[in-house]
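Please read the numbered points alongside the sequence and the model.

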Amino acid sequence: MAAGTSLHQGDLSLVNKIANVIFCLAFILVSITGVVMWWMRRPKGKNVLGVPPRFESAGIWKTGLFTLVAISLAFPMAGASIVLALVLDWLLFNRVERLKLALR
């Protein structure tokens, strides 16, 4: 447990501190690029939250599905979070009329 705490805090070496900084910067980068990707694909000229248009290539969902399954198998808690998000999406966005209208 002490070694895990030291790794987490970056107390072991300079390499450990650099790895922790890179890991933190990766999370920040993923957060920023997610917003940028949505912004670039958002519906143009509408005052709604909206869902970006579908990809032109119909096979892209297979890559996304494979990625989700791989993440779920490698990290079961991430898989549970993905399933929870999909269930909430199905329960809320498909059944609540006001949310449906906001996404059009």
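**Notes on the predicted model**

1. Is Leu-88 buried, partly exposed or exposed? Its relative accessibility is 41%, and Leu-88 therefore counts as partly exposed, since that class lies between the limits of 20% for buried and 50% for exposed. A patch residue must have over 30% relative accessible area, and the value of 41% for Leu-88 may be read against that cut-off.

2. As to the overall architecture, the protein chain contains 5 helices and 0 strands. Along the sequence, the pattern reads α-α-α-α-α.

3. How much of the protein chain counts as buried? Of its 104 residues, 6% fall into that class. The accessible surface of the protein chain amounts to about 9,100 Å², and carbon and sulfur atoms account for 74% of this area.

4. The contacts in the protein chain may be considered by sequence separation. Among those between residues at least 6 apart in sequence, 23% join residues at least 24 apart.

5. Asn-16 is located in helix α2. With a relative accessible area of 10%, Asn-16 is buried, because the limit for that class is under 20%. Which residues does Asn-16 touch, if those up to four places away in sequence are not counted? They are Ser-6, Leu-7, Gly-10 and Asp-11.

6. A search of the whole structure for aromatic pairs finds 2. One of them is formed by Phe-23 and Phe-27, with a distance of 5.0 Å centre to centre and an angle of 75° between the planes. This pair is edge-to-face, because planes over 60 degrees apart are classed in that way.

7. Why are Phe-23 and Phe-27 separated by about one helical turn? The reason is that these two residues are 4 residues apart in helix α2, which covers residues 14-41.

Conventions. Residues numbered from 1 in each chain as written. Predicted model: local features only at pLDDT ≥ 70, side-chain atom pairs only at ≥ 80, totals over all residues. Heavy atoms only, no water. Buried < 20%, exposed > 50% of the residue type's maximum accessible area, 1.4 Å probe, protein only. Contact = heavy atoms within 4.5 Å. Areas by Shrake-Rupley, 256 points an atom, 1.4 Å probe, with all protein chains shown as cover. Phe/Tyr/Trp six-rings, centres within 6.5 Å; stacked < 30°, edge-to-face > 60°.
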